[in-house]
Amino acid sequence: MYQLSWFKKAAEEYRKLDGSQKIQVKKGLVKIKERGLQAGKPLTKKKYDLSMCREIKMRRLGLRIIFKESNKSIQIIDIVCVGKRSDEEVFETAAKLLGLL
């Protein structure tokens, strides 16, 4: 079982979600806790180099969870960003939070 560590911005975004959105995101978080980096799929976007990250999509809700292995420990997964899929906004936010922009 993995522990989750949240970037401050990701925690704020999560708190802003409505109840039904939180239920779906929690399901994704459970997958991450159980499977670690085996959950979701690798990011291969060319615009932002987020190759160290993975994502879980909630297409119906238009949300994504962006996560990566923590630098602190192999058993900790950092939740970098939770946000809307539209216009690659979530990828830009993740890149900024990781210091890539």
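At what relative accessibility does C53 count as buried? In this predicted model, C53 has a relative accessibility of 1% and therefore counts as buried. C81 likewise counts as buried, because its relative accessibility is 1%. Despite the burial of C53 and of C81, the count of disulfides comes to 0. C53 takes part in no disulfide, the nearest cysteine sulfur being that of C81, at 9.5 Å. Seen from C81, the closest cysteine sulfur is the one in C53, and the separation of 9.5 Å is too far for a bond, because a disulfide requires a pair of cysteine sulfur atoms within 2.5 Å.

The aromatic residues were examined next. A pair of aromatic rings is described by the distance of the centres and the angle of the planes. The count comes to 1 aromatic pair, which is formed by W6 and Y14, with 5.3 Å from centre to centre and 50° between the planes, so that the arrangement is classed as tilted. The two partners fall into separate accessibility classes: W6, at 30% relative accessibility, counts as partly exposed, whereas Y14, at 15%, counts as buried. The assignment of Y14 follows from its value of 15%, because buried means under 20% relative accessible area.

Y14 also has a charged neighbour, in that the charged end of K22 sits over the ring of Y14, at 5.5 Å from the ring centre. The ring of Y14 is thus described both by its tilted pairing with W6 and by the placement of the charged end of K22 over it.

How values were computed: Residues are numbered from 1 along each chain as its sequence is written. This is a predicted model: local features need pLDDT of at least 70, side-chain atom pairs count only at pLDDT 80 or more; totals for chains, interfaces and linings use all residues. Side-chain values use heavy atoms; hydrogens and water are left out. Rings of Phe, Tyr and Trp (its six-membered ring) pair if their centres lie within 6.5 Å; planes under 30 degrees apart count as stacked, over 60 as edge-to-face and the rest as tilted. Buried means under 20% relative accessible area, exposed over 50%, partly exposed in between (1.4 Å probe, protein chains only). A charge sits over a ring if NZ of Lys or CZ of Arg is within 6 Å of the ring centre and within 35 degrees of the ring normal.
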